[in-house]
Amino acid sequence: ATYKQDDLIGAAEGVFGKGAKGLADLIEKILKDQGEPNAYIAGREAGGALVAGLRYGSGTLFHKVEGERPAYWTGPSIGFDVGGNAGKTFILIYNLYDSQDLYQRFPAGEGNAYFIGGFTASYMRHGDIVLIPIRVGVGYRLGANVGYMKFSEKQRWLPF
């Protein structure tokens, strides 16, 4: 059981707003390359960095078979990265057959270039589970970093 393109575009528009420029094209391209996901997260996050960075997020996990449940994530990073951003996040999730398998660390590497606003997508993998976060943010952030995102069922303040 997977989510179809129309379902995902509708859900993403619910997060980012109707008519987010380029959103439908980006989702279509990801689906063409990766196939249909069996889960997604709709949420929001904020982060900042000055060489070392932190990210905090929260949202709802929508699993095609298991239904809805809360999802929180934190993550430290290090790299050539400076600034801060906040925004909305839509994470496509592949091969998540048991929702409990989400609650672990996923290695991440990404580049950001926000000046007032920006739109990014990245790729994370742990075992067979693949996450593709799509973010629309506001703020100022420039750079590249490596780190991880740790997902949990409850909100945490320590990112480790």
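**Strand pairing, burial and salt bridges**

User: What makes S4 and S5 a hairpin, and which residue in the turn has a positive phi?

Analyst: Two residues lie between S4 and S5 in this hairpin, and Gly 127 in the turn has a positive phi of about 65 degrees. The model is predicted: local features need pLDDT of at least 70 and side-chain atom pairs 80 or more, whereas totals for chains, interfaces and linings use all residues. Residues are numbered from 1 along each chain as its sequence is written, and side-chain values use heavy atoms, without hydrogens and water.

User: How do you know that S4 (residues 124-126) and S5 pair?

Analyst: Pairing requires at least two DSSP bridges between strands; three join S4 to S5, which run antiparallel. Met 124 has Leu 131 in S5 as its bridge partner.

User: Why is Ser 99 called buried?

Analyst: Its relative accessibility is 1%, and buried means under 20% relative accessible area (exposed is over 50%, partly exposed in between; 1.4 Å probe, protein chains only). Ser 99 therefore counts as buried.

User: Why is the Arg 135 and Glu 110 pair called a salt bridge?

Analyst: The term requires a side-chain nitrogen of Lys or Arg within 4 Å of a carboxyl oxygen of Asp or Glu. The closest N and O atoms of Arg 135 and Glu 110 are 2.9 Å apart, so the pair meets that rule. Arg 135 lies in strand S5 and Glu 110 in strand S3, so the pair ties together parts 25 residues apart in sequence. Arg 135 is buried at 3%, and Glu 110 is buried at 11%. Salt bridges with shared partners join Glu 45, Arg 55, Glu 110 and Arg 135 into one network.

How values were computed:
Helix = DSSP H or I, 4+ residues; strand = E, 2+ residues; numbered from the N terminus.
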